[in-house]
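Hi there,

Here is the structure I promised to pass on. Have a look at it first, and then read my notes below.

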Amino acid sequence: MSARELKSFQITPVFHVTDLTAAIRFYSDVFGFSEVFSWGRPPFYAGIRLADVTIHLDSAASAADRRGKGSAYVFVAHGLEDYHNHVMARGAILVGDPPKRYDYGLKDVKYADPDGNWLSFGAT
């Protein structure tokens with residue numbers, strides 16, 4: 001099968017984290033994600049979801065050199081300012097400015113998780 005014949009439908013960022021349980025709790029408590037699955041004994045890999053957005057979290061020792069180096073950008077239809085106020089009140093770690101409009105036409109904002117991975121949100 002060639003790449004032209006491959007029918008892809010989604011891409012999912014993987015954030016490498018130090019403590020899987022703490023990361024799931026952070027993304028749930030602060031941003032409103034819910035856990036979709038976890039894998040391993042004990043669990044070291046999980047999927048979390050916010051509406052139609054999925055992120056995978058990986059705390060495997062073999063990926064330790066990747067921790068805190070991930071990023072993802074979430075496009076939202078509306079409500080960015082209200083969401084920002086909500087997540088800040090719940091302990092979000094702001095990176096840079098609060099939501100603001102940039103010359104490229106989007107209003108966006110960036111946050112970090114405790115490991116340093118970046119999660120950005122943007123709206124038209």
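The buried residues of helix 2 (80–89) pack against helix 1, strand 3, strand 5, strand 6 (93–101), strand 7 and strand 8. Helices (H or I, at least four residues) and strands (E, at least two) are DSSP runs, numbered from the N terminus. This is a predicted model, in which local features need pLDDT of at least 70 and side-chain atom pairs count only at pLDDT 80 or more, while totals for chains, interfaces and linings use all residues. Residues are numbered from 1 along each chain as its sequence is written, and side-chain values use heavy atoms, with hydrogens and water left out.

In helix 2, the buried residues are Leu80, Tyr83, His84 and Val87; buried means under 20% relative accessible area, exposed over 50%, and partly exposed in between (1.4 Å probe, protein chains only). Seen down the helix axis, they fall within an arc of 105 degrees, so they line one face of helix 2. The arc is that of the directions from the axis to the C-beta atoms. Asp82 and Ala89, on the other side of helix 2, are exposed. After helix 2 comes Gly91, with a positive phi near 105 degrees.

Now for strand 4. Asp58 has its place there and is buried, with a relative accessible area of 10%. Among the residues in contact with Asp58 (heavy atoms within 4.5 Å), leaving aside neighbours within four places in sequence, are Val14, His16, Phe44 and Ala63. Asp58 and Gly79 are 21 residues apart in sequence, and 30 Å apart in space, C-alpha to C-alpha.

Happy browsing!
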